[in-house]
Amino acid sequence: MKGSLIDRNRKGILMEDAKSRAKITREQLMELEQKEKTPAQLARDMLVTLLPLIAFIASQLEYWLVPNKYRNANPERYTILLLIPIAIYMIRWVISRVRYRGGDKKLYWRILHMAPLWTAVYVFLTAFDWLTLKTGKLMYPFIPWVNDILNAAITDWRMLLKSTLFSLRLLLLGYFWGVAVGLVTGIACGYSEKIRYWINPIVKLLGPIPVATWLPLIMLLFPSPFSGSIFIIALGTWFAVTMATITGISNIDRSYFDAARILGAKGSQLIFRVAIPHAVPNILQGMTQGMSSACIGLMVAEMMGVEAGLGWYITWAKAWAMFNRMFAAIVVICIIFNAVAKALELIKRRALRWQNGGSK
């Protein structure tokens, strides 16, 4: 027994040593590749990092020099919109060059990696502006140009802000209710086979049903569109969190529970000290998937009769043929949903930093 423990400790030490050496090797790999590059290749990399700036200049030349087909109010707003990210990019570029000369090349490599993507964004905006504002090949008003969308957002910012706050309240209420109930259901089903026998068929029956299918029933059962909307959002979240929690707890090696029982753990201690901590990666993954379902449910819910929200705003703007305001709301939705997803990803990375050796 003692010999097996010593062997396990040795294996653990060797594995940790191998991981640390592999990490050092990965960090040094890019530096070795950079050292092997010729002066021409290094100059090419420098040009690639400057491509976003070149694409920005080209976009502004096209915007200001090519005649417009339609009247374009407040044209300077589009330039400011494009100028802010390129200014931030160039500040980081200068800092990266200073650090590069000092031996720290990580920021420069990051910029080199992202430069083609930023270039593509500016090229796309230039092409879109030419197809809409300059030539009208994409028919107006059904597809407005970027500056027209920006003007609509600034003009109607109060209504957009009100709709955004309403949508966020609805989204977070439904999401947290779904997460709370999903955790209770998932932990109960994952830990107890008896509970799983009765609950699991219900989960599998109700979970895959599209949220839009529930609309007629919800309008009959719930006293207000607001409470019905919360139910729709919570339903999709509940299913994702429940299934992820069940999977996480079911996959735990039973020897952990046996060892905990030998040490005196009982009842809730087995759940909160063994089951839940080991299932955290699956639970967080389910919460991330649940947010995607919640965002879809939010758009469906807001189109069934609520008095505010971004989904309601889109329906209202479309009904009045104000497509520039409709596109402004769509852009706001994309920004909000991506911000929420990014926040969840940061929380997940922070909570699971032990999986990467404790690195932040």
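Visitor: Why is Ile57 called partly exposed?

Guide: Ile57 has a relative accessible area of 44%, and buried means under 20% relative accessible area, exposed over 50%, and partly exposed in between (1.4 Å probe, protein chains only), so Ile57 counts as partly exposed. This is a predicted model, in which local features need pLDDT of at least 70 and side-chain atom pairs count only at pLDDT 80 or more, while totals for chains, interfaces and linings use all residues. Residues are numbered from 1 along each chain as its sequence is written, and side-chain values use heavy atoms, with hydrogens and water left out.

Visitor: Which residues make the nonpolar surface patch?

Guide: Ile57, Leu61, Trp64 and Leu65 make a patch of about 440 Å², where patches consist of residues with over 30% relative accessible area and no salt bridge, like charges being joined within 9 Å and nonpolar side chains (Val, Leu, Ile, Met, Phe, Trp, Tyr) within 5 Å. Accessible areas come from the Shrake-Rupley method with a 1.4 Å probe, and for residues only the protein chains shown count as cover. Ile57 lies in helix α2, helices (H or I, at least four residues) and strands (E, at least two) being DSSP runs numbered from the N terminus.

Visitor: Why is Gln60 called buried?

Guide: Gln60 is at 10% relative accessibility, and therefore counts as buried. Gln60 is placed in helix α2 (residues 39-65), and, leaving aside neighbours within four places in sequence, is in contact (heavy atoms within 4.5 Å) with Tyr78, Thr79 and Leu82.

Visitor: What makes Asp45 and Arg44 a salt bridge?

Guide: The closest N and O atoms of Asp45 and Arg44 are 3.5 Å apart, and a salt bridge is a side-chain nitrogen of Lys or Arg within 4 Å of a carboxyl oxygen of Asp or Glu, so the pair qualifies. Asp45, at 4% relative accessible area, is buried, whereas Arg44, at 45%, is partly exposed.

Visitor: How many salt bridges are counted by this rule?

Guide: The count comes to two, one of them between Arg325 and Asp156, whose closest N and O atoms are 3.5 Å apart. This pair links distant parts of the chain, 169 residues apart, with Arg325 in helix α13 (residues 323-351) and Asp156 in the loop between α5 (146-155) and α6 (157-191). Asp156 counts as buried because its relative accessibility is 13%.

Visitor: Where does pLDDT stay under 50?

Guide: It does so over residues 1-27, for which the model has zero contacts beyond four places in sequence; pLDDT is the predictor's confidence in each residue, from 0 to 100. Where pLDDT is low, the predicted coordinates should not be read in detail.
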